[in-house]
Amino acid sequence: MTDPSADSSGPRPPAPRDGWRRTLARLPVHMFRAGLGPLFRGRLLLLVHTGHTSGQPRRTAVEVVESATVDGRLSWTVASGSGPGADWYRDLRRTPQATVQIGRRFHAVTATELPAREGGELMVRCAPRRPRLARRLCAHLGFTVDGSAEGRRDAGESIAFVRLTEGAPVGGGDR
């Protein structure tokens, strides 16, 4: 997976949020903790993960791009709107075991990075169902997409996607 921030001519992850923007971005975390998770109707989940430097539990609300059942196990695919440098993304790379809260239910999950090609196919598949999400995500990360399947595929191949699958990893899960 390539780091979009490494290429100065291409799309770049947005600057970190500060001040009121950070407060507003953290609002869903507080809403989940207050028992208001069902208001998000499965479009957001609360990710409880282990900090990569502190080792302490961290909580981040992320938007669900796709949910599915794979081999009888629930899975949710999320995108890093801040690119692969986002703290929660780096945390999951270091410690892929986490917990997600959907509504009021909690699920132990294992995180897996999606390969670029699979990310591209995901964007092609999901953009027609959730066009607003696809447009916002692409615009936020600096991608110009013309609405074609090829344009969506190209953008999706550069977006950092993570699949959160319920239960223990298949095949031992060593990274």
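Me: Starting with strands E1 and E4, in which sense do they pair, and over how many bridges?

Reply: E1 and strand E4, which covers residues 97–102, pair in the antiparallel sense over three bridges. In that pairing, Val-48 stands opposite Thr-99 in E4. Keep in mind that this is a predicted model.

Me: And how do E1 and E2 pair?

Reply: E1 and E2 pair in the antiparallel sense too, over seven bridges. Leu-45 stands opposite Val-62 in E2.

Me: What sits between E1 and E2?

Reply: Six residues, and the two strands form a hairpin. Gly-55 in the turn has a positive phi of about 75°.

Me: OK, zooming out. How many helices and strands does the protein chain have?

Reply: Five helices and six strands. From the N terminus on, the order is α-β-β-β-α-β-β-α-α-α-β.

Me: What share of the residues is buried?

Reply: Of the 175 residues in the protein chain, 38% are buried. As for contacts, take those between residues at least 6 apart in sequence: 65% of them join residues at least 24 apart. The chain exposes about 10,000 Å², with carbon and sulfur atoms supplying 50% of that area.

Me: What about confidence, what pLDDT does the chain average?

Reply: The average is 86, and 85% of the residues score at least 70. Over residues 1–9, though, the pLDDT is below 50. That stretch still has eleven contacts in the model beyond near neighbours in sequence. Where pLDDT is low, the predicted coordinates should not be read in detail.

Me: Switching to charges. How many salt bridges does a search of the whole structure find?

Reply: Eight. One of them joins Arg-136 and Glu-63, with the closest N and O atoms 3.2 Å apart. That pair links distant parts of the chain, with Arg-136 in helix H4 (residues 131–140) and Glu-63 in strand E2 (residues 57–70), 73 residues apart.

Me: Which residues are linked with Glu-63 in a network?

Reply: Arg-130 and Arg-136 are linked with Glu-63 in a network of salt bridges.

Me: What does Glu-66 pair with?

Reply: Glu-66 meets Arg-129 in a salt bridge, 3.5 Å from N to O. Arg-129 lies in the loop between helix H3 (116–126) and H4, while Glu-66 is in strand E2, so the pair ties together parts that are 63 residues apart in sequence.

Me: Is each of those two buried or exposed?

Reply: Arg-129 is exposed, with a relative accessible area of 54%, whereas Glu-66 is buried at 14%.

Me: And where does Glu-118 come in, what does its side chain meet?

Reply: Glu-118 forms a salt bridge with Arg-163, 2.8 Å from N to O. Here Glu-118 is in helix H3 and Arg-163 in strand E6 (residues 161–166), 45 residues apart. Glu-118 counts as partly exposed, at 32% relative accessibility.

Me: Staying on H3, which of its residues are buried?

Reply: Gly-119, Gly-120, Leu-122, Met-123, Val-124 and Cys-126. The buried residues of H3 pack against E2, E3, H4, helix H5 (149–156) and E6.

Me: Now Thr-77, where does it lie, and is it buried or exposed?

Reply: Thr-77 lies in strand E3 (residues 73–79). Thr-77 is buried, with a relative accessible area of 1%.

Me: What does Thr-77 touch?

Reply: Leaving out residues up to four places away in sequence, Thr-77 touches Glu-63, Val-64, Val-65, Glu-66, Leu-114, Leu-122, Phe-161, Val-162 and Arg-163.

Me: Last topic, the surface. Which residues make the nonpolar patch?

Reply: Trp-20, Leu-24 and Leu-27 make a nonpolar surface patch of about 360 Å². Leu-27 lies in helix H1 (residues 19–33) and is partly exposed, with a relative accessible area of 41%.

Terms used:
Residues are numbered from 1 along each chain as its sequence is written. This is a predicted model: local features need pLDDT of at least 70, side-chain atom pairs count only at pLDDT 80 or more; totals for chains, interfaces and linings use all residues. Side-chain values use heavy atoms; hydrogens and water are left out. A salt bridge is a side-chain nitrogen of Lys or Arg within 4 Å of a carboxyl oxygen of Asp or Glu. Helices (H or I, at least four residues) and strands (E, at least two) are DSSP runs, numbered from the N terminus. Buried means under 20% relative accessible area, exposed over 50%, partly exposed in between (1.4 Å probe, protein chains only). pLDDT is the predictor's confidence in each residue, from 0 to 100. Contact means heavy atoms within 4.5 Å. Patches are made of residues with over 30% relative accessible area and no salt bridge: like charges are joined within 9 Å, nonpolar side chains (Val, Leu, Ile, Met, Phe, Trp, Tyr) within 5 Å. Accessible areas come from the Shrake-Rupley method with a 1.4 Å probe; for residues, only the protein chains shown count as cover. Two strands pair if DSSP finds at least two bridges between them.
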